[in-house]
Amino acid sequence: MKRPTNAAVQKASTDDALRKQEALTYLRELKERLKDKKDTYDEFLEIMKEFKAQRIDTEGVIKRVKTIFKGHKDLILGFNQFLPKGHEIRVEDVEREEREEAERVKAAGGGAPSAKPQVEFVHAISYVNKIKTRFQNDERVYKAFLEILNMYRKNLKSISQVYEEVATLFRSHNDLLEEFTYFLPDSTTPAAGKK
């Protein structure tokens, strides 16, 4: 049996660290979004404990997460980072389930469901995944991007500092920089970055 090289062990360790960072970011976002729904957040944590203790299987955890986050596609899709490879929740499945639910509500005499999809959060997750994929051979860039955002979140950087640093980081990736400006407040978007 061939032993893993130091580079392979180090990459696996780095991948684990990135995965943990993403999971913590998701949990912080989730806690903030559910600050007025503590029961839902506590239920999510309970589901995670049961999953970790293997009292429920992967399909069971997916079903329960979809149930408690019903109407919040972004939270459901964000949960993918906790799932094993090959068990990811697909956007098209969630959208199909939402359509089916809307049809059931309509058929039952109710109006259209009032839950507005959180498109922006889904776009943000997609964008971060695009960066991760683009720089998979140079994860330093991906880590630096996450760190810049983290510094802003902690109020250690202004939005203009964030833009300048991201512009430097993505200097030869204009598409990523242009898409990044979508997430900036309108008053801070540099004129060159506007569409």
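**Helix packing, cores and buried charges**

Q: Which residues of helix 2 meet which residues of helix 3?
A: From helix 2 come T40, E43, F44, I47, E50 and F51. They meet T58, V61, R64, V65 and I68 in helix 3. Here, contact means heavy atoms within 4.5 Å. By class, this contact has 6 nonpolar, 2 polar and 3 charged residues. Ala, Val, Leu, Ile, Met, Phe, Trp, Tyr, Cys and Pro count as nonpolar; Asp, Glu, Lys and Arg as charged; the others, Gly among them, as polar.

Q: What kind of model is this, and how are residues numbered?
A: This is a predicted model, with residues numbered from 1 along each chain as its sequence is written. Local features need pLDDT of at least 70 and side-chain atom pairs pLDDT 80 or more, while totals for chains, interfaces and linings use all residues; side-chain values use heavy atoms, leaving out hydrogens and water.

Q: What makes a stretch a helix, and how many helices are there?
A: Helices are DSSP runs of H or I with at least four residues, strands are runs of E with at least two, and both are numbered from the N terminus. The chain has 9 helices and 0 strands.

Q: Why are helix 2 and helix 3 called roughly antiparallel?
A: Two packed helices are described by the angle between their axes and the distance between the axes. Axes are lines fitted to C-alpha atoms, for helices over the stretch in contact, and angles run from 0 to 180 degrees between N-to-C directions. Helix 2 (residues 38-52) and helix 3 (residues 58-68) pack at about 175°, with axes 10 Å apart. Under 35 degrees is roughly parallel, over 145 roughly antiparallel, 65 to 115 roughly perpendicular, and the rest oblique. The pair is therefore roughly antiparallel.

Q: Why does K73 count as buried?
A: Buried means under 20% relative accessible area, exposed over 50%, and partly exposed in between (1.4 Å probe, protein chains only). K73 has 12% relative accessibility, so K73 counts as buried. This residue is found in helix 4. Leaving aside neighbours within four places in sequence, K73 is in contact with V94, E95, E98 and V122.

Q: What makes the link between K73 and E95 a polar contact?
A: A polar contact is a pair of N or O atoms within 3.5 Å; within protein, one must be able to donate a hydrogen and the other to accept it, and residues adjacent in sequence count only if both atoms are side-chain atoms. The side chains of K73 and E95 are joined at 3.0 Å.

Q: Is E50 counted as buried or exposed?
A: E50 is in helix 2. Its relative accessibility is 17%, so E50 counts as buried. Beyond four places in sequence, E50 is in contact with R55, I56 and R64.

Q: Why does H72 count as partly exposed?
A: H72 has 25% relative accessibility, so H72 counts as partly exposed. H72 is found in the loop between helix 3 and helix 4. Not counting residues up to four places away, H72 touches R33 and K37.

Q: What makes a nonpolar core, and which members touch the most others in the largest one?
A: A nonpolar core is a set of buried Ala, Val, Leu, Ile, Met, Phe, Trp, Tyr and Cys residues joined through side-chain atoms within 4.5 Å. The largest has 23 residues, of which Y26, L30, F44, V61, F69, F79 and I89 touch the most other members. Helix 2 gives the largest share, 5 residues.
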